[in-house]
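Thanks for coming, everyone. Please bring up the structure, and we will walk through its sheets and a few of its helices.

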Amino acid sequence: MYNALGFMTEKETGRRSINVLDPRVAQQVAAGEVVDRPASVVKELVENALDAGTSRIEVELGDGGTSRILVRDDGSGMTRENAGLCVLRHATSKIRNVQDIEAVMTLGFRGEALPSIASVSSFSLTTSTGEGAATKVAVEGGADAEVSAASHPKGTTVLVDRLFYNVPARRAFLKGARAERAAIVEVLTHLAIAHPRVAFRLTEGSRDYLSLPGTKDLLERLAQILGIGKARALRKVEYESGPFGVSGYAALPSLTEGSRANQTISVNGRFVRAESLQRGLDDAYRATIPSGRYPPVAVEITADPRRVDVNVHPTKQVVRFSEERAAREAVAAAVRGAIEWRPSAPPSSPRVPERTFTQDRFSGYSPPRTDYPSRSAEDFSPHNAPPAQGLQEARERLSEASAPLEQSLAEKPEPYGDFPERGGLPKALPEELRVIGQLAAGYILVEEPGSLWVVDQHVAHERAILDRLNDSDSPATVQSLLVPEVVDLPPAEAELAAASLEELSVYGFEAEPFGPRLVRVTAVISTLADRDIAGAFKDALLAISGTEPGHRREDHILATIACHSAVKMGDRLSQQEMEALIKSWLTSRLPATCPHGRSICYRIGMNEVARKLDRH
Ligand SMILES: Nc1ncnc2c1ncn2[C@@H]1O[C@H](COP(=O)(O)OP(=O)(O)OP(=O)(O)O)[C@@H](O)[C@H]1O
Ligand SMILES: [Mg+2]
């Protein structure tokens, strides 16, 4: 319908007249980008305290932060004049012009946090530079600030009462006190890890949720947070490659948790939630932990600030790198280098995280490969002792493996002097170990001076084999079978096998259809040659049908081959076979856990044996 002038009426266009928002309303709308729950308020206030050079931060909550948040610091404080300005939008002492952002080393720079918080709460800030009177600034739901004289020691206290009381829609999104408090504990933990020198305390009523005295180093802070027991599994990360440095600690794969709460990644001192860097951590632990598990890690990436864009999102937790992929690879290589024990790879040398074997596989399927060079599987089969040079290698590797421990002990003899060695593995040199024999045809008993080790023979062998399958330096060989293995399959699977011959060949399976239900396997990776070929073939097919092509599928298939190649529970082994297996396992890169994250061995101390037998 047109009106007399030929224009559509407002109702018909759905057009409304435009209002310029009252600045207070505009601020409340914008505040949603910076603060969406109590944890983001805590993050902003704590970051301000850190920027002010505080040595201790105290956070007090009421109802998980939903009714009250108080953050106190002993930092620089503000003069009366600055205190009056700090709650105004775009008021910041940290940058002057847009170029400054490029080199910003403070956590804040947008001049938004305090005005945002003050617009959606009953806000007050009391501050003193330690000279002259203190100042109190009070803001009620974004109204004009009331500035008055007050008393306060050097530093600043911010009190945020009734968060979102004037934005009911946002208040409705808050979860219960417990969930909001948990989010606060998590964010404070990350901040505390990124700033180990600063003391942090979080209380609600008479309960302490975090109490972390300032420390001299990150390892000590991690031990405060994880407990000394878990901190024992941490290994030092130290890495430099091109524009990136990566340092910190990463847990051995034997220690995992159900969430990323203890995976802290910071970039130039700023704790961030960068997905691509988290993926870098996942890359580092590929094929060593079960999916959905996360080893504790605390790494800091140092990069030229001009290569990092921190102004991507108002919360400043998202960062963008000019070389995103290189950053992810640096994280992966750094952590991998820390958790691997390989004499040829000093932790600081740059390593390419992808295996060449992998890259070959995904550069498009090649025709069946029979040309895998160099070492044959016999080198690591338990039926053959490793070559003599293996011992020397093992010795180097073992002394290397204990280096991070010695370093951490030297750095911090007290109170963590009892970090045990090597995350639950024999630490003696291989020639000092003695294989006692086999228990119940499933466990190998190994004597180390002072201890008895019980080793799960299947899992240890599986680890050793998988390690070699993943080893791009000495890829596995493919072996033709003297007698081809005929595998009986349901018709649908036989069809899938026929359609997947090319992919299967990449994993060493040379196969051909042999009637509607049968497939004839004529060659396999040599570890598998005298083992459960049919089982491995069926599981590889299952992996192909159940997963998308890519790393996950590849890991799955290799794990399957390793599992079916390994000796089983119930296999009786000769003394020589056991000795070869133990050596092969202990010289693998990640001997502490099986590919699914299970433990491989445990130790019984001689003291314990003596105690049990009343020999004190
Ligand atoms: N705890 C504090 N101690 C000393 N000065 C503070 C404190 N909190 C805030 N300020 C001052 O108030 C200013 C405004 O703080 P606000 O958090 O709003 O902005 P910002 O930190 O500069 O930037 P961003 O919005 O990115 O956090 C800061 O630049 C700083 O000068
Ligand atoms: Mg700030």
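Start with a term. Two strands pair if DSSP finds at least two bridges between them. Keep in mind that this is a predicted model.

Now the sheet that needs that term. Here 5 strands form an open sheet, and the order is E9-E10-E13-E11-E12. The pairing is mixed. Which strands stand at the edges? They are strand E9, residues 234-241, and strand E12, residues 270-272. Each has a single partner strand, so one side of each is left without a neighbour in the sheet. On average, neighbouring strands of this sheet are turned by 20° against each other, direction ignored.

Strand E11, residues 263-267, pairs with E12 in the antiparallel sense, over 3 bridges. Find isoleucine 265: valine 272 in E12 stands opposite.

Next, the helices on this sheet. Helix H8 lies across E11, E12 and strand E13 (297-302). H8 runs at about 55° to E11. Helix H9 lies across E9, strand E10 (244-251) and E13. The angle of H9 to E10 is about 35°.

Stay with H9, residues 218-226. Is this helix mostly covered or mostly open? Mostly covered: 8 of its 9 residues are buried. Among them are Leu218, Leu219, Leu222, Ile225 and Leu226. Glu220 and Arg221 are buried too. After H9 comes glycine 227, with a positive phi near 95°.

Back to H8, residues 177-194, and its partner H3, residues 38-51. Their axes come within 8 Å and cross at roughly 30°. Angles under 35 degrees count as roughly parallel. H3 and H8 are therefore roughly parallel to each other. The crossing is right-handed. Who makes the contact? From H3, it is Pro38, Ala39, Val42, Lys43 and Val46. From H8, it is Glu180, Ala183, Ile184, Val187, Leu188 and Leu191. That gives 9 nonpolar residues, no polar ones and 2 charged.

An α-helix has 3.6 residues a turn, so residues three or four places apart point the same way.

Last, the other sheet. This one is open, with 8 strands in the order E5-E4-E3-E6-E2-E1-E7-E8 and mixed pairing. Strand E5 (146-150) and strand E8 (207-212) are the edge strands, each pairing on one side only. Strand E4, residues 134-140, pairs with E5 in the antiparallel sense over 5 bridges. Alanine 134 has alanine 150 in E5 as its bridge partner.

How values were computed
Residues numbered from 1 in each chain as written. Chains lettered and ligands numbered in written order. Predicted model: local features only at pLDDT ≥ 70, side-chain atom pairs only at ≥ 80, totals over all residues. Axes fitted to C-alpha atoms, helices over the stretch in contact; angles between N-to-C directions. Helix = DSSP H or I, 4+ residues; strand = E, 2+ residues; numbered from the N terminus. Parallel < 35°, antiparallel > 145°, perpendicular 65-115°, else oblique. Left-handed = near helix turned anticlockwise from the far one by under 90°. Contact = placed C-beta atoms within 7 Å. Nonpolar A, V, L, I, M, F, W, Y, C, P; charged D, E, K, R; others polar. Buried ≥ 20, exposed ≤ 12 C-beta atoms within 10 Å, placed from the backbone.
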